[in-house]
Amino acid sequence: MKVGILGGTFDPVHNGHLLLAECAREQLSLDEVLFVPAGNPWRKSERAITPAEHRLAMLRLAIEGNDAFGISDIELRREGPSYTADTLEALAGERLDDAFWFIVGADALADIRHWREPERIARHARIGAAPRSGTEMPHDGVIPSDRIDGFDCPGLDISSTDIRARVSSGRSIRYMLPDAVCRYIEANRLYR
Ligand code: ATP
Ligand code: MG
């Protein structure tokens with residue numbers, strides 16, 4: 001099987017994530033896209049992350065009804081910081097017959113050289129990257145360019161940070177993320 005891995009904090013998951021996953025699935029001919037919520041995102045340790053059970057519950061609601069989308073809680077089960085290289089190595093080790101694409105949006109692609117062991121990431125997965133239209137794929141050599149597969153994705157200027165800020169100031173987040181996730185946020189009084 002061809003499996004896409006979309007890592008993120010998903011605090012909360014939104015339509016930008018879902019569209020990125022769908023574009024990758026279609027254009028890279030993936031059988032499955034696994035959303036992998038980060039347990040303890042080492043690069044975001046400056047702010048309090050919403051407990052994993054809520055982030056996981058929102059992901060479940062967001063992908064409901066899409067047989068090609070799934071969730072892996074591998075980073076939630078692991079102690080300590082979440083490094084993508086470890087996650088991919090563990091998944092690749094569990095699923096020897098599958099081929100992996102690590103899916104990144106434009107901002108994550110530009111940032112990849114700052115991640116822990118990008119070479120080890122690229123050893124276990126090809127990189128599926130959606131550069132913003134008009135921007136170049138960064139070829140800084142950290143990830144060999146023959147390990148990167150580009151795909152197109154219409155830009156949706158939505159971020160979890162902006163959604164959290166909107167909720168905390170009482171503004172609408174409707175249509176930025178699935179209705180069921182909006183309702184979950186309201187019912188659980190998240191991001192107030
Ligand atoms: P935060 O605002 O907390 O950083 P985020 O919305 O940026 O959250 P992340 O968890 O940081 O979400 O991102 C996970 C992955 O999703 C990254 O690869 C990122 O590039 C991608 N991504 C996030 N938002 C979008 C978007 N609007 N369109 C396309 N890709 C996105
Ligand atoms: Mg981000």
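**View 1. Arg120, a buried residue.** At 11% relative accessibility, Arg120 counts as buried (buried is under 20% relative accessible area, exposed over 50%, partly exposed in between, using a 1.4 Å probe and protein chains only). This is a predicted model, where local features need pLDDT of at least 70, side-chain atom pairs count only at pLDDT 80 or more, and totals for chains, interfaces and linings use all residues. Residues are numbered from 1 along each chain as its sequence is written, chains are lettered from A and ligands numbered from 1 in the order in which they are written, and side-chain values use heavy atoms, with hydrogens and water left out.

**View 2. Arg120 meets Asp86.** Here's a salt bridge between these two side chains, at 2.8 Å from N to O (the rule: a side-chain nitrogen of Lys or Arg within 4 Å of a carboxyl oxygen of Asp or Glu). Arg120 sits in helix α6 (residues 118-124) and Asp86 in helix α4 (residues 84-94), so the pair ties together parts that are 34 residues apart in sequence. Helices are DSSP runs of H or I, at least four residues, numbered from the N terminus. Asp86 is partly exposed, at 28% relative accessibility.

**View 3. Arg120 also meets Glu89.** This salt bridge spans 3.1 Å, N to O. Glu89 belongs to helix α4 and Arg120 to helix α6, so parts 31 residues apart in sequence get tied together. Glu89 is partly exposed, with a relative accessible area of 36%.

**View 4. Asp162 pairs with Arg166.** Their closest N and O atoms are 2.9 Å apart in a salt bridge. Both lie in helix α7 (residues 160-168), four residues apart, or about one turn of the helix. Arg166 is buried at 18% relative accessibility, while Asp162 is partly exposed at 28%.

Notes. Helix = DSSP H or I, 4+ residues; strand = E, 2+ residues; numbered from the N terminus.
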